[in-house]
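Here is a guided walk through one structure. Keep the sequence and the 3D view side by side as you read.

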Amino acid sequence: MNTASAGPSTTTVTTALEMSAVRKVYTMGDGSEVVALDHATLTLGSDEIVALVGPSGSGKTTLCSIAGGILSATEGRIVVGGEDISGHDAKELTKFRQDKVGFVFQSVNLVPFLNARENLLVVDELGKRTGAPAKARADQLLDELGLADRAKNLPSQLSGGQRQRVAIGRALMNDPSLVLFDEPTSALDTKLGEQVMELIRNEMKTRGTAAIVVTHDERITHYCDRSVHIVDGRLEA
Amino acid sequence: MKLALKELRRRPGRFATATIILTLIAILLMFLGGLLDGLIASSTGAIRAQNADAIVYSGTAQASFVRSRIDPDLRAQVEAVEGVTEVGGIGNVQLGARVPGNGPRDLASVALFGYELAPDGVPDAPAYGQAWADETIKASGVTDGMVIEVGPARTPIEIIGFVEDTNFNGQSSLWASPDTWRDVLSANRPDAQLGPDVFQALIVRGDGDGLPDAIDAATAGATDSYTVDEAVAAIPGVTEQQNTFNQIIGVTVAIALVVIGLFFALLTVERTSLYGVLKALGAKSSTIFAGLVAQAVVVTAIAALVAGTLVVLLDLLLPAGSIPLLVTPGRILLSVALLLVAAVLGCSFSLRRVLRIDPASAIGTTS
């Protein structure tokens with residue numbers, strides 16, 4: 001499933017993510033350095049779902065943030081959806097996030113004063129502003145996620161599972177190459193967690209979209225194509 | 001920005017406190033401005049109405065009618081200045097007037113002028129014993145054709161009509177012939193009476209911008225001449241009133257700026273997590289900051305609109321002449337503009353905080 005990179009700045013888009021020898025080092029107030037990610041190399045196929053498993057503080061959020069263009073790596077090469085973001089500045093990373101990645105955050109984090117449909121449309125409003133096509137896509141996503149009749153509901157009027165589905169819809173709005181799920185089941189009970197993972201798997205596979213699911217819960221990893229463990233910033237297959 | 005405006009529409013309660021405080025501040029700002037304009041208008045109308053290229057006082061008068069004396073010789077020197085085409089004497093006396101039907105202590109404050117050259121909006125000087133009155137005297141019960149008694153000598157003056165915006169030193173002006181004024185002055189202020197043909201000041205019309213300087217040069221400093229605008233500013237107390245009120249208005253604007261700044265700074269702190277999420281989704285800091293500014297501007301505009309309406313209503317409800325409040329579109333618009341500037345500047349306190357919000361905060365700690 002994994003393929004090699006094709007060039008220094010672009011790749012054929014058969015891989016969703018290529019991380020090569022990526023390091024992230026934080027300099028602390030006393031001048032000491034903390035290595036959060038140590039020569040991490042990871043490749044995801046265009047519709048592959050990878051579970052990133054590790055204990056707290058292991059570096060999984062850092063890896064996810066770097067893959068999503070939220071953090072810049074100290075060293076290494078990162079290519080997402082054919083775009084090499086290794087040398088991107090903050091402005092370029094913002095544009096990259098608008099176009100190439102989707103996020104589902106641990107605490108869902110929907111905009112509380114927007115209804116379900118508007119929460120999806122936020123992505124278009126912050127990015128390309130296509131208008132009517134975005135509205136059509138939002139309606140289609142809500143329909144596919146079984147939320148068509150909840151489109152006008154505010155997050156406070158939705159159940160935990162419904163909110164999670166809205167968040168998944170939001171992550172898919174920009175038709176991303178890669179979706180990053182940060183502990184998507186941590187706030188849900190086992191049954192609902194399994195339903196959400198089933199939904200994630202179906203949605204990703206149906207669309208041919210790659211995903212990294214950050215988790216420390218080994219029980220949900222079987223919904224993913226493979227698991228990658230991270231300990232002290234080092235990846236272990 | 002659309003997002004920010006949606007929040008305003010969907011969660012108006014969140015902005016209610018700031019809107020109410022800003023409305024009160026805007027009322028205060030517009031009311032203070034209206035009082036300043038009203039005070040200045042009621043102090044300076046008689047001078048603003050003068051159709052003159054120079055207003056000439058005597059050299060040591062410091063633009064005060066009471067201190068100024070222009071005798072016929074000095075007047076002749078002024079008339080001889082090149083470019084001078086018309087010269088008219090003017091004098092003033094400020095007294096209390098008894099109004100028929102009012103109590104003996106319920107005096108109307110009047111500033112009686114004797115004039116030779118009619119100011120704008122005032123007809124030529126009437127017959128002896130008559131006067132045109134500023135319409136503000138109606139608040140004291142004076143009507144057309146009424147005879148009022150001026151000063152301790154109770155000199156009768158018949159009101160033969162009304163003029164607008166000619167008050168002086170906060171008192172209703174009466175416009176009479178020089179002889180009427182001179183006799184009222186002699187009868188009621190014997191210490192200040194003037195000889196025949198002596199005036200307190202001169203209204204001069206002519207050619208050229210430098211007429212006041214030319215007159216003062218020709219009289220070798222025996223006169224102190226002003227343009228109308230300069231004479232308005234030189235009226236004792238006017239500049240002091242303006243400075244005092246402008247300082248209070250400045251402090252009020254500063255308070256508005258701090259209120260807006262603090263409110264939106266708190267709102268930004270409260271929304272740090274939401275802004276982190278939006279940034280992770282691709283929002284630029286400029287987009288988020290523009291939303292904050294849009295909210296501040298809308299909240300301020302609503303507050304200013306409500307305040308403007310209330311101040312206009314207050315102006316309509318207040319009995320004429322009760323307080324010197326002058327509400328003008330110009331003052332309301334200036335107050336709105338000052339508040340909007342305060343809103344934008346107040347928001348800028350939050351700019352640094354918005355810039356520093358890390359999108360990484362949206363996905364937990366950077367472990």
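**A walk through two chains**

B:Val312 sits in helix α9 of chain B. The model shown here is predicted. How exposed is B:Val312? Its relative accessible area is 38%, so B:Val312 is partly exposed. B:Val312 also belongs to a nonpolar patch on the surface. In general, an α-helix makes a turn every 3.6 residues, so residues three or four places apart point the same way.

Charge gathers on the surface too. A patch of positive charge there brings together A:Lys91, A:Arg129, A:Lys135, B:Lys2 and B:Lys284. Take A:Lys91 as an example. A:Lys91 is part of helix α2 of chain A, which spans residues 90–100. Its relative accessibility is 69%, so A:Lys91 counts as exposed.

Helix α3 of chain A runs over residues 116–126. Ten of its eleven residues are buried. Among them are A:Ala116, A:Glu118, A:Asn119, A:Leu120 and A:Leu121. A:Val122, A:Val123, A:Asp124, A:Glu125 and A:Leu126 are also buried residues of α3(A). What covers them? On the chain A side, the cover includes α2, α4 (132–144) and α5 (160–172).

The buried ones are B:Leu274, B:Tyr275, B:Gly276, B:Val277, B:Leu278, B:Lys279 and B:Ala280. After α8(B) comes B:Gly282. The phi of B:Gly282 is positive, near 115°.

Next come the salt bridges. How many does the structure hold? Over all chains, there are 23. One of them pairs B:Lys6 with A:Glu118. Their closest N and O atoms are 3.9 Å apart. This pair crosses between chains, going from helix α1 of chain B, which holds B:Lys6, to helix α3 of chain A, which holds A:Glu118. Both B:Lys6 and A:Glu118 are buried.

Another salt bridge stays within chain B. B:Glu270 pairs with B:Arg14, and their closest N and O atoms are 2.0 Å apart. B:Glu270 lies in helix α7 (residues 238–270) and B:Arg14 in helix α2 (residues 12–48) of chain B, so the pair ties together parts that are 256 residues apart in sequence. B:Glu270 has 52% relative accessibility and therefore counts as exposed. B:Arg14 has a relative accessible area of 24%, so B:Arg14 is partly exposed.

B:Arg75 and B:Glu116 form a further salt bridge, with 2.8 Å between the closest N and O atoms. This pair links distant parts of the chain, 41 residues apart. B:Arg75 is in helix α3 (residues 72–79) of chain B. B:Glu116 is in the loop between β3 (108–115) and β4 (130–134) of chain B. B:Arg75 counts as buried because its relative accessibility is 14%. B:Glu116 is partly exposed, with a relative accessible area of 36%. In chain A, salt bridges that share partners join A:Arg23, A:Asp38, A:Glu75 and A:Arg234 into one network.

Look at another arginine of chain B. B:Arg331 is placed in helix α10, residues 329–348. Is B:Arg331 buried or exposed? Its relative accessibility is 15%, so B:Arg331 counts as buried. Leaving aside neighbours within four places in sequence, B:Arg331 is in contact with B:Met30, B:Gly33, B:Gly34, B:Leu36, B:Asp37 and B:Ile249.

The last stop is a loop. B:Thr166 lies between β6 (155–163) and β7 (172–176) of chain B. Its relative accessibility is 0%, so B:Thr166 counts as buried. What does B:Thr166 touch, not counting residues up to four places away in sequence? Its contacts are B:Gly45, B:Ala46, B:Ala49, B:Val122, B:Asp134, B:Ser173 and B:Trp175. Take B:Val122 from that list. B:Thr166 and B:Val122 are 44 residues apart in sequence, yet 8.7 Å apart in space, C-alpha to C-alpha.

Technical notes:
Residues are numbered from 1 along each chain as its sequence is written. Chains are lettered from A and ligands numbered from 1 in the order in which they are written. This is a predicted model: local features need pLDDT of at least 70, side-chain atom pairs count only at pLDDT 80 or more; totals for chains, interfaces and linings use all residues. Side-chain values use heavy atoms; hydrogens and water are left out. Helices (H or I, at least four residues) and strands (E, at least two) are DSSP runs, numbered from the N terminus. Buried means under 20% relative accessible area, exposed over 50%, partly exposed in between (1.4 Å probe, protein chains only). Contact means heavy atoms within 4.5 Å. Patches are made of residues with over 30% relative accessible area and no salt bridge: like charges are joined within 9 Å, nonpolar side chains (Val, Leu, Ile, Met, Phe, Trp, Tyr) within 5 Å. Accessible areas come from the Shrake-Rupley method with a 1.4 Å probe; for residues, only the protein chains shown count as cover. A salt bridge is a side-chain nitrogen of Lys or Arg within 4 Å of a carboxyl oxygen of Asp or Glu. Lys and Arg count as positive and Asp and Glu as negative; His and the chain ends are not counted. The place of a charge is taken as NZ of Lys, CZ of Arg, CG of Asp or CD of Glu.
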